[in-house]
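Hello,

Here is the structure I promised to pass on. Please have a look at it first, and then read my notes below.

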Amino acid sequence: MPCGHAHHQKGYAELNFAAQPKWIKSITSGRLDQFSGGYFSSINLSSAQVKHRTDDPKNVKLEVWSAPGRTKPEFAEAIKQEFRPAKKGESFGPSLTLNVPKAWANEERIQFEFDPGCEAMIWTKDGLPVQGITGGNDGDRRVDYILDAKARSSEHLFYIESSCNGMFGINGINPPDDNRSYGLASADIVVPNMSAVALLRDFQTLKEIRTHITAEVHLSHHAQWVANEIMNVWQKGGGASGLLGNEELLKLVEECRKVGEEIFGQGWREQKEKVYEGKEVQVWGIGHCHIDTAWLWPYSVTQQKVARSWSTQVDLMERYPEYRFVASSAQQYKWLEELYPPLFEKVKAKIKSGQFHTIGGQWLESDVNMPSGEALCRQFLYGQRYFESRFGIRSVTSWLPDSFGYTGSLPQILRLSGMKYFFTQKLSWNNINRFPHSTFNWVGIDGSQVLVHMTPVDTYTAQATVEDVRKGITGHKNLEVTNQSLLVFGNGDGGGGPLEAMVENLRRIRAVANKYREIPIVKMGNTVEEFFETVEAQTNEGKNLPNWHGEMYFEFHRGTYTSHGSIKRGNRKSEILLHDIEYVATLASLFGTKGAYTYPKDKIDPLWEDVLLNQFHDVLPGSAIGMVYDDAERIYAKVAKNGSQLLDEAVQALFKSSAPISPTAPFTHASTSKGKIIAINTLGKPRREVVEINVSGKGADVLKSQAVQISKSGEKGYVLVDVTDGVVGEVKGMFADLTPASAHKTPEGDYVLQNSNVKMTFSKGRIVSLYDIALKRELIPEGLTGGLIYFNDQPGYWDAWDVEVHHLEAPHPVAFEEFAITENGPIRAQLQTRVKIGKSTIDMSISLDATPGSLKADARSAFRFDARVDWHQRHEILKFEIPLDIHSPNANFEMQFGYVGRPTHRNTTWDIAKFEVPGHKWADLSEFGYGVALLTESKYGYSADGQYMRISFLRGSTSPDAEQDQGEHTFSWAVYPHVGSLGDADIPGVAREFNYPLHLRYIPDSSSLSSMTALTREVPFSVEGAPGVIIDTVKRGEDDKFDSHHTGATTIVVRLYEAYGGHATAKLRISSRVPVSKASITNILEDELTPLELSRAPSAGQGEDTILELPFRGFQIVTVKLTIDAGLLSRPSSESG
């Protein structure tokens, strides 16, 4: 007989009297949030996460010693100190002794939970860092230290080094709070219920699927149904009662997990790391821990962060065989090697096993807008050679996920450093235009290309969620060509890296892929290089990918080109000093007295490493806390001191008993009538310049006698230096072809600087005229004026980082005041003036020399501005502007090894975005036949706005450094009118002369010059036939042996580049005094690539010079290695001066 419960019969029932409603998904979705944490945490799954917990003093003994002040003692020193008893609730970094209760000995896992509210590191009693701790309740929380079998069975002593900082410093991006303290919230032995922990992870993954997978697909709805059913099983089984015993609870949890297999698949847990081994793949998972080398913490804290983060990752690798971790920055590895040797060896072992991957090939993740071309080369030279020397590995992938824009010179530098792949994501932060590609070819200014992946996940700190995995496909902008995406996951910026829960979540996501294709398929256990190789193969070796040409300009953080002006200056001056040291030291090693001088590579390398360190992408850009800049300033001071000493030693090796001549310090060296002033030119090209010297001091009479012009005060002299033949030049009298420069005041009260070719007029404190006398051309548009100007500078959240487009809407032009004529020829005319802006004072000299800016026949002279600023403005940006009667749609700005054109108009949003741009030593606005260049010696921020060219000098942001740019600054710039294009006028060469000083020396006995004829009459390395090819660097080879016996090969490396942007065939001429036996083209790493044919030509001196013919394409870098026959070098005898 039929019954009312017919729907329980097998098969499709005939009758149905149940009130089964449609599932109300929105209500169920809210219900799922009640299964962990929150109001019901005492009866939901959270209540079952821990089986046992104790902080009983019988089991947990804490003792503490606090290091004084901000000191960071080494482990061996710290453990010798006297520790005192301590307890939870205090603020400290303790030592601990644990006694695990014997009843817990057989539990699946026992861990020590330590939450100091800050960062900490666990050490074994033998001094091995074991893992990092991140206290607090943020997403990067990691407070569990898993105890091994030995630690469970007996008394376990270990140490915890607590640091008084959180993952993001002490106060976020605000200035640090020196009164901040951290309390110990937990110091407990804990037995977690691992089955319940796993169930919670299952449940979280199901919730993520429902939330982030498109609602219209079956998987999304079914995941919600399964999660809801897990809750039903939990509640039906008494999980909410809190009365179940351990065995009953374990059985109930297992029932719940079985329900989850409806999504994850049967038996997925037993498969562990092999949970998905299908061939199909879309998203490649790689662990990463972005550690800013300094930012909201100083370098010393980063050293700790590296040890904390990497020790934790090594532990994770040992528990998860599929897990792979990638870390860049040779500097961080070197710190680990020097400060934590046992941990370094563990990392080294993991690198060898293939789980820990080096990447990037750089010394560190630097800024790439502001370092010089040579500095970028050294980033990769030092980085690649470090990785190769320690691990036998070179990187083929450049890794710069967080730098603020990417110079168009970088693809060529990467290819010359052995790399062809590039990873970033930063342009996803653009605040105006959306970057159009995810995977593409990036073509540099010379035509070199690299294969780029800009992860569609839009972060290098992904949390390994379903949403992150889904974005790998839904955010991909090039799916028509490739569906491969890189998931870079792990906590970062402040370090930490991936958590256990992230790897577990990815196991579950991979398990789902065995049944469903609605979620992207994740692959684990591979390298970043294998990802790129797959993309390369899938895209017909990149031929099917779109191309992006030139710079990848970052439409955000434009203030970083200007913030912390003193750091910008320290960088430029250090780069130039190192260039000069290497140039002169190379010559000294060739021409100095045999055996008396050794090229000091062991002293040059540390200076380069210091400069490269300060080029980190939050240090050089000016976006770190004040403590970082205290360190950076000390580093630059050390580079200046030690570098100047190295330069002086190299000069002394060439010119014994010579003395430096300073523009500021009195000259006190004993002088004789036979004494002479010489100038050392490190640019390898002819120069003629006016140089200021100090002619006060007891030995200065000989200097005065050689000066063409003496100041009214008698303290300053001006000498005319001619270096047209060799490296060393002499001072001259007034040249017949020079017309004196002059300064005067007009009857109307205007001030005028002029010489034979140009004139500048100041009226009412502003530049009203820039006049080309020869062409009778006015360059300032009628009614407009130039000079200093400041703007209100109030960006959004990122104070030190950003200057926003609206700042241009509130200009404040500033008038020069208190004019005085301080020099009036014949070789220098000069005005002195003062400007006051609020509480700030700017003292400035404006000068014009009789000499033109170059030796070209039609060259004009530059107007030089030297400023000494006492800056106390907040949220104001100081600039110099000049309007020009020159019409061009683009202005050009120097970048590394070339230049880039940027719009002067604002036609599109891409044009609008470039209202503030980076540049190096010059910016130029030219039309056919004429142009004007701005030259700088320590500034990087520029703008080209219609007719206006501007340089940005100083800012005054208050976060994260409350005192940014406050205090004294000195800097210089110049306005340089020129006939013809920037190439016709050799603007790159003129700007180099503006930046690289002539080094003036006093030689007591001028007869000593005779021993250095090779340097006074000819340049050892010069270029012929290609005016746009510049010798950028001359140095000794990296693999030369620099010992007292001068054993091994003697090699010289000459790096050149084409600066104008066109093809050229250059002849590199090497003096007969440098006997070349072999020459080859190398890459930046100095691997020999192509042998060069040696040709000979008559020398200007004796013998034959060596000629190397070098073809160039526009902006190409060429590195030449010369092998020298040291036995044929002509050196002075030891008796020579």
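Strands here are DSSP runs of E, at least two residues long, numbered from the N terminus. This is a predicted model, where local features need pLDDT of at least 70 and side-chain atom pairs count only at pLDDT 80 or more, while totals for chains, interfaces and linings use all residues. Residues are numbered from 1 along each chain as its sequence is written, and side-chain values use heavy atoms, leaving out hydrogens and water.

β22 runs antiparallel to strand β47 (residues 999-1003), joined by five bridges, and antiparallel to strand β26 (residues 728-732), joined by three bridges; strands pair if DSSP finds at least two bridges between them. Isoleucine 678 stands opposite arginine 1001 in β47, and its bridge partner in β26 is glutamate 730.

Next, a loop residue. Asparagine 755 sits between β28 (751-754) and β29 (758-763) and is buried, with a relative accessible area of 5%. A polar atom of its side chain lies 2.9 Å from the backbone oxygen of aspartate 849. Beyond its neighbours within four places in sequence, asparagine 755 is in contact (heavy atoms within 4.5 Å) with residues including Thr739, Ile773 and Ser861.

Finally, the cysteines. The structure holds zero disulfides (pairs of cysteine sulfur atoms within 2.5 Å). Cysteine 118 is buried at 5% relative accessible area, and cysteine 377 is buried at 0%.

Best wishes

Definitions and conventions:
Helix = DSSP H or I, 4+ residues; strand = E, 2+ residues; numbered from the N terminus. Buried < 20%, exposed > 50% of the residue type's maximum accessible area, 1.4 Å probe, protein only. Polar contact = N/O pair within 3.5 Å; in protein donor to acceptor, adjacent residues only side chain to side chain.
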